[in-house]
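Please go through the briefing below with the model open beside it. The points are grouped by topic, and the cut-offs behind each term are given where the term comes in.

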Amino acid sequence: MAADSLLTNPDREELLSKAYAHAVAASAGYVTAAYELDREGIDMRIQAGGVMRPALELQLKATINLGDGGGHVRFQLRRRNYDLLRLEAQTPRLLVVLELPKNPDQWMEITADELVIRHRAYWMSLLGYDETTNQSSVTVHIPKQNRFDVAGLRSLMEQSRTGGIQ
C-alpha cells in the first residue's frame with residue numbers, strides 16, 4: 001500500500017467488491033443503485049428490464065480468508081447481516097462474497113489490454129435460514145457453483161422474474 005493511501009485494506013476490499021458487482025451488472029446490461037444509508041444490510045440493487053422488471057438486492061463482502069470446504073466456501077458473516085438477509089422480502093436479497101488473493105498487490109491489475117480483478121465472487125440466499133444463538137458472527141457455506149458472474153447474474157434475474165431464487 002502506498003505511503004499516502006487514505007484507505008485501509010478493509011476499505012479497499014469493500015470498494016473492490018462494489019466495483020466487481022457494478023462491472024458484472026454492467027456487462028449483463030443491468031442498472032445498479034447504491035443505498036445512501038445502510039439500514040437493511042443492503043449495499044446495492046441491480047435492476048433488469050423486460051417482463052416484471054426483476055431486481056436483486058445485494059449485501060457485498062470481500063475477503064482474503066475464504067475457507068475452502070470442498071464443494072463450498074466458508075465465510076464468517078456478521079450476525080446483523082445474517083439476520084437481515086434471512087428475512088422474507090419482496091425483492092430477493094443475496095450475500096455476494098468476493099474472494100481476493102492474500103497479497104493486496106494482486107487484487108487488481110491494469111495493463112494496456114486488460115483490467116483484471118482477482119479472483120471471483122460467490123452468491124447465496126439466506127432466505128428462511130434458522131435463527132442463530134451466535135452473538136457476533138455465523139459461518140455460512142456458499143456452494144462453489146454459485147458464481148457471481150455475468151451468466152450467474154442473468155440466471156438469478158430470470159429466477160427473480162419467475163418467482164424466487166433457488
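In helix α3, the residues Gly-152, Leu-153, Leu-156, Met-157, Gln-159 and Ser-160 are buried, where buried means under 20% relative accessible area, exposed means over 50%, and partly exposed lies in between, with a 1.4 Å probe and protein chains only. Seen down the axis of α3, these buried residues fall within an arc of 160°, so they line one face of the helix; the arc is that of the directions from the helix axis to the C-beta atoms. This is a predicted model, in which local features need pLDDT of at least 70 and side-chain atom pairs count only at pLDDT 80 or more, while totals for chains, interfaces and linings use all residues. Residues are numbered from 1 along each chain as its sequence is written, and side-chain values use heavy atoms, with hydrogens and water left out.

**Helix α3**

- Helices (H or I, at least four residues) and strands (E, at least two) are DSSP runs, numbered from the N terminus.
- On the other side of α3, Ala-151 and Thr-162 are exposed, whereas the buried residues of the helix pack against α1, β2, β3, β6 and β9, contact meaning heavy atoms within 4.5 Å.
- The 13 residues of α3 should span 18 Å at 1.5 Å a residue, and the end C-alpha atoms are 19 Å apart, which agrees; the expected span is 1.5 Å times one less than the number of residues.
- After α3 comes Gly-163, whose phi is positive, near 130°.

**Nonpolar cores**

- The largest nonpolar core has 26 residues, of which Tyr-30, Ile-46, Leu-56, Leu-58, Phe-148 and Leu-153 touch the most other members; such a core is a set of buried Ala, Val, Leu, Ile, Met, Phe, Trp, Tyr and Cys residues joined through side-chain atoms within 4.5 Å.
- At least two residues of this core are supplied by each of α1 (9–28), β2 (44–47), β3 (55–63), β6, β9 and α3 (150–162), and the largest share, six residues, comes from α1.
- A second, separate core of 15 residues includes Phe-75, Leu-85, Val-97 and Val-140.
- Not counting residues up to four places away in sequence, Phe-148 touches several residues, among them Tyr-20, Val-24, Ile-46, Leu-58, Val-96, Trp-123 and Leu-156.

- Strands β3 and β6 run parallel and are joined by seven bridges, with Gln-59 standing opposite Leu-95 in β6; two strands pair if DSSP finds at least two bridges between them.
- Strand β6 (residues 93–99) and β9 run antiparallel and are joined by five bridges, and in β9 the bridge partner of Glu-99 is Arg-120, while that of Val-97 is Tyr-122.
- Strand β9 (residues 120–124) is mostly covered, with four of its five residues buried.

**The three-stranded sheet**

- Three strands form an open sheet in the order β4-β5-β10, with antiparallel pairing.
- At the edges stand β4 (67–68) and β10 (137–143), each with a single partner strand, so one side of each is left without a neighbour in the sheet.
- Strand β4 pairs with β5 (residues 72–78) in the antiparallel sense over two bridges, and the bridge partner of Gly-67 in β5 is Arg-74.

**Two individual residues**

- Ser-17 is found in helix α1 and, at 4% relative accessibility, counts as buried.
- The side chain of Ser-17 reaches the backbone oxygen of Glu-14 at 2.7 Å.
- Apart from residues up to four places away in sequence, Ser-17 touches Leu-60, Lys-61, Ala-62 and Leu-98.
- Asp-130 lies in the loop between β9 and β10 and, at 60% relative accessibility, counts as exposed.
- Leaving aside neighbours within four places in sequence, Asp-130 is in contact with Tyr-82 and Arg-86; Asp-130 and Asp-83 are 47 residues apart in sequence and 9.1 Å apart in space, C-alpha to C-alpha.

Technical notes
Polar contact = N/O pair within 3.5 Å; in protein donor to acceptor, adjacent residues only side chain to side chain.
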